There are 4 protein chains.
Amino acid sequence: MANSKYEYVRNFEQPDVLLPNTWIVVRIDGRGFHKLTAKYSFEKPNDRRALDLMNAAAAGVMKELPDLVMGYGISDEFSFIFHKDCTLFERRASKLTTTIVSTFTSHYVFMWPTYFPSVLLTPPLPSFDGRAVLYPSVTNLRDYMSWRQVDCHINNLYNTTFWALVQQGGLDAKAAEKELTGTLSSHKNEILFSRFKINYNNEPEMFKKGSVLFRDFEISSSAETTAPNPTSAPVPSDSATSPDIAPPAPLSKTAAEKDRKRRLKARIAIEHIDIIRDEFWDQRPWILSGKAP
Amino acid sequence: MANSKYEYVRNFEQPDVLLPNTWIVVRIDGRGFHKLTAKYSFEKPNDRRALDLMNAAAAGVMKELPDLVMGYGISDEFSFIFHKDCTLFERRASKLTTTIVSTFTSHYVFMWPTYFPSVLLTPPLPSFDGRAVLYPSVTNLRDYMSWRQVDCHINNLYNTTFWALVQQGGLDAKAAEKELTGTLSSHKNEILFSRFKINYNNEPEMFKKGSVLFRDFEISSSAETTAPNPTSAPVPSDSATSPDIAPPAPLSKTAAEKDRKRRLKARIAIEHIDIIRDEFWDQRPWILSGKAP
Amino acid sequence: MANSKYEYVRNFEQPDVLLPNTWIVVRIDGRGFHKLTAKYSFEKPNDRRALDLMNAAAAGVMKELPDLVMGYGISDEFSFIFHKDCTLFERRASKLTTTIVSTFTSHYVFMWPTYFPSVLLTPPLPSFDGRAVLYPSVTNLRDYMSWRQVDCHINNLYNTTFWALVQQGGLDAKAAEKELTGTLSSHKNEILFSRFKINYNNEPEMFKKGSVLFRDFEISSSAETTAPNPTSAPVPSDSATSPDIAPPAPLSKTAAEKDRKRRLKARIAIEHIDIIRDEFWDQRPWILSGKAP
Amino acid sequence: MANSKYEYVRNFEQPDVLLPNTWIVVRIDGRGFHKLTAKYSFEKPNDRRALDLMNAAAAGVMKELPDLVMGYGISDEFSFIFHKDCTLFERRASKLTTTIVSTFTSHYVFMWPTYFPSVLLTPPLPSFDGRAVLYPSVTNLRDYMSWRQVDCHINNLYNTTFWALVQQGGLDAKAAEKELTGTLSSHKNEILFSRFKINYNNEPEMFKKGSVLFRDFEISSSAETTAPNPTSAPVPSDSATSPDIAPPAPLSKTAAEKDRKRRLKARIAIEHIDIIRDEFWDQRPWILSGKAP
């Protein structure tokens, strides 16, 4: 019984290869997490167990996909970065996106009992959606990361103040929302401090900065011992004369395999630090170079 | 701290809305399941627990996504069908695909202990990738389904014979493979019967036909009591004069909500039957019409 | 001097093959024709020479591209239809679209002196842009055509009334526009008749209906001698049981070549008739079947 | 007569906006020019009138589209470059591609009598197809240009030798082709010189280098008076620290309009020079910066 009669249906599959030499960001988001946080009584404004579970799932993704150079998470969202030279799955968008979403979900559900030992999952289960976005230059990529980290700050300051007003100030949600409408950051800081003795600066870094995941090769010693020189950017340049992005000068097969192994072996670091300024990137040049040091 | 400086990065997001009035098939596949079946010692050629788990996960997906009109699974793959009129997530490809993959993965991992009570999952965890394919006509869609079911048959006959040769015939994998090279179906049937007393026709329907999932509204009585009339196709026609597919005559909001509720309430049937001939479709007209009866 | 060092740039080319089994409409539009009609003093509301030139250019396109089954033009726009089974240029969108736009432009400029013998073209020259849109069903395709023809009617009634108010009624543009704001068709008909003794029904069919181009195989005799039967649609049905759209049953090479030759030889008819009702399509079944009779 | 019933067909139009911050190359090619060159008896291996006509048409395109920063033509193909910051037509691929193809065709047909005064065009008329390709970095873009110029050289050396063998050597096409199979550049140079006294280096630059079109602002004086310094690339860098490609710092409206006018006013230069080495780019920094000096 041959299958040739029906095989023509394969011609309806359409290619979705992503443009070469561009950074691939896959951002995933919890589906219906507003409902889910209520169902499982997550603590407000931040539930540390939930954030730790997100980070553990993201670390699982980075371990299974050594091509990823970085992850960044806030609340129920996570962004994963593939290097612009990445050729995993021939850069097929569906394959890259679904693989990340599936691997993340798998770890999230698998490790739920570790982080919520007394809370039983029941259907509908946690799930995530995701999409890929391309960024042609390092500037664009870093601006994307900055955008997410600024968003983390804005949301967290708002949520911290909102829940202080509700939990300690005795306001209902509507009144708290009204109180905050149109307020600047400085006003929120003031509300927190004057009414609730909360110094926002002393809030946990994880809540204020989000979670940054990367492969933990040792911090480059030159960066540690000498002050990073802002004028001699160690990040790869995309300029016409730079050999770094000259036409693919691919690693030899042996070198590529060795590089891959180093990446697989490296510990996944989870830190809560500034990724807007140059320092983070200057000290970890392997993130933007895509080469294990 | 405004975020406007970085917000321009949103302009790099590109729309991926799928063409209207086409059937959307999302097919997902187990990632690295060759390795996974070895790691967890799945039975060969078919592990009923594993197939039941696949079906349970697929049923979970159909329960959480009432827009799905059908599912079809074989081995470690599953196809899910959205009706051509579906407007879920504005038909965004990434959103549809990742939601299905994530929901499936979530249920797969969550229900693993039910189907493999004595087998502990360990990382790397099971995961799935997926993609969406569009089919403009009912014929194309049914040919896609037929293609998968024929593939199920071809693969299962091969695998059944291969593993009989190995498990009962004492051949090693290489010898078994060589023995089967270039054989027709009839030869494989003969090998099974003459050497191993296996009548392939008596093999479980689940292995031979795969698993068909749909919402179990009662079989339409007219279809039951009268012989289906092949010349008066009850399937929706795409012809120019047919009112069925005339420009979107969307249900009223109330009707749509009622329809949605009926679909949510319906039991998900899991059957192992022929979907190549007309009978299956004639008896369940709601699958192709997309309207709960 | 080998070229291999640079050839990697070809990898940046991305495929743009259009979904099979869908109707391809390429619509082109004059660029900046508002300015151009002023520059060359086109008659208002319709310049017959300009419309005849559009039609001549469109006929040139249909002669050079036998795969086209139909064209429809109004004002400075033209829609060209490729049959859903068309495989020209492997259905690459850029190639189909640019070829039509270029061939049209070529004929437009080449034949300008024939239609405007005393008007010399000078740069900036007339040009057109275009795009491809897919329609999965015959209903969708015919609704597209109806949409354009209704638009033709609406615009022409408006323009006829507007220019009557200006040219014969002595109003300036602003006053005429104001007078017509919010008027129904019946009001415009009345203005034309009561003030200017113009019976809109007697306006030229070309202005009211636009221009329909198709290959002029003789009108099918059955359609001529017997009344078209609206219930037995001779147009191809997309239904699941119809053999017409079953998986591509491509013509044999000889048959395909013969079919192509018949199409090349056929006269291009230019008519100004209703394409909204069934009659047009019933009488020319080869347009939707894509097969020369 | 409202059009709302059919207007839903607009939902089938799909967006095709090109990724921001990437260089857009639109390459157009003559359709069936092998046949056309025979029909109009173009001189071999190069017909100067035909090349001059191509260049004149390309110059017409650049004059009508001030957003173009450069053009490069060989034989019957032309590449046009939009700057990576270009926002013309919201970067819609179809619109950009068809506009260039149409404008080029328009000028080609319009100016034919100027370049071929004694050769009457007859249908089928000359036409061109085209496509857009994106290049994320300046290196990628320059490699694309280098690829085309190397191709020009390879093809021209081959054609020059082939036609010398045929026209002066008395070989037929088959014999000439056989003679050249597998030969290196050096062999072809030797054949030309030893048999036909042709020094390939003395062939016209137009044939050897192709035609480079750009806006002729005066050569930057610093570049003229001092030797270009290959280590201090004046071309815009894509590096993270470069202000040049920082998030769109768009020109003010007035500045943008002024810039546009300068570009419109500039003469279109047509030169036959090397664009592989840095010199060309260093001396005309406005090409890669996209800003009129």
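Reader: Let's start with a strand pairing. In which sense do β5(C) and strand β6 of chain C pair, and over how many bridges?

Author: β5(C) and β6(C), which covers residues 268-271, pair in the antiparallel sense over 4 bridges. Keep in mind as we go that this is a predicted model.

Reader: Which other strand do bridges join to β5(C)?

Author: That is strand β2 of chain C, residues 68-74. It is joined to β5(C) by 3 bridges, and these two strands run antiparallel as well. Here C:G71 stands opposite C:L213.

Reader: How many residues of strand β5 of chain C are buried?

Author: Buried here means under 20% relative accessible area. For β5(C), residues 211-215, the count is 5 of the 5, so the strand is largely enclosed by the rest of the structure. You can also read it by side: C:S211, C:L213 and C:R215 point one way, C:V212 and C:F214 point the other way, and all are buried.

Reader: Let's turn to a helix. What does α2 of chain B reach from its first C-alpha to its last?

Author: For a helix, compare the end-to-end reach with the expected span. Helix α2 of chain B, residues 48-64, has 17 residues and reaches 24 Å, close to the 24 Å expected at 1.5 Å a residue.

Reader: And how many residues of α2(B) are buried?

Author: 12 of the 17 are buried, so α2(B) is largely enclosed by the rest of the structure. Among the buried residues are B:L51, B:L53, B:M54, B:V61 and B:M62. The list also includes B:N55 and B:G60.

Reader: Now aromatic rings. How many aromatic pairs are there over all chains?

Author: Rings are paired by the distance between their centres, then sorted by the angle between their planes. The count comes to 88 aromatic pairs over all chains. One of them joins C:F78 and C:F104, a tilted pair at 6.1 Å centre to centre with 45° between the planes. C:F78 lies in strand β3 of chain C (residues 77-82) and C:F104 in helix α3 of chain C (residues 93-115), so the pair ties together parts that are 26 residues apart in sequence. C:F78 is buried, with a relative accessible area of 1%, and C:F104 is buried at 0%.

Another tilted pair is C:Y108 with C:W112, at 6.1 Å centre to centre and 50° between the planes. Both of these residues lie in helix α3 of chain C, 4 residues apart, about one turn of the helix. C:Y108 is buried at 1% relative accessible area, and C:W112 is buried at 2%.

Reader: Which residues do ring pairs link into a cluster in chain A?

Author: The cluster's members include A:F33, A:Y40, A:F42, A:F78, A:F104, A:Y108 and A:W112.

Reader: Where does the charged end of B:K95 sit?

Author: Here you look for a charged group above a ring face. The charged end of B:K95 sits over the ring of B:F89, 5.4 Å from its centre. In chain C, C:K95 lies over the face of C:F89, at 5.4 Å from the ring centre.

Reader: How do I read backbone angles, and what is phi of A:K197 near?

Author: Most residues other than glycine have a negative phi, and most peptide bonds are trans. Phi of A:K197 is near 55°, a positive value. This lysine lies in the loop between α6 and α7 of chain A and is exposed, with a relative accessible area of 67%. Phi of D:N21 is also positive, near 55°. D:N21 is found in the segment before β1 of chain D, and is buried at 10% relative accessible area.

As for peptide bonds, a cis one joins C:P123 and C:P124, with omega about -5°. C:P124 is in the loop between α3 and β4 of chain C. A cis peptide bond also joins D:P123 and D:P124, again with omega about -5°.

Reader: Finally, which rotation superposes chain A on chain B?

Author: Two copies of a chain are related by a rotation about an axis and a shift along it. For chains A and B, the rotation is 180° with 0.0 Å of shift along its axis, at an RMSD of 0.1 Å. The two copies are thus related as by a two-fold rotation axis. The same surface serves both copies, as 100% of the contact residues of chain A recur in chain B.

Definitions and conventions
Residues are numbered from 1 along each chain as its sequence is written. Chains are lettered from A and ligands numbered from 1 in the order in which they are written. This is a predicted model: local features need pLDDT of at least 70, side-chain atom pairs count only at pLDDT 80 or more; totals for chains, interfaces and linings use all residues. Side-chain values use heavy atoms; hydrogens and water are left out. The expected span of a helix is 1.5 Å times one less than its number of residues. Buried means under 20% relative accessible area, exposed over 50%, partly exposed in between (1.4 Å probe, protein chains only). Rings of Phe, Tyr and Trp (its six-membered ring) pair if their centres lie within 6.5 Å; planes under 30 degrees apart count as stacked, over 60 as edge-to-face and the rest as tilted. A charge sits over a ring if NZ of Lys or CZ of Arg is within 6 Å of the ring centre and within 35 degrees of the ring normal. Two strands pair if DSSP finds at least two bridges between them. Copies are superposed by least squares on the C-alpha atoms of residues with pLDDT of at least 70 in both. Contact means heavy atoms within 4.5 Å.
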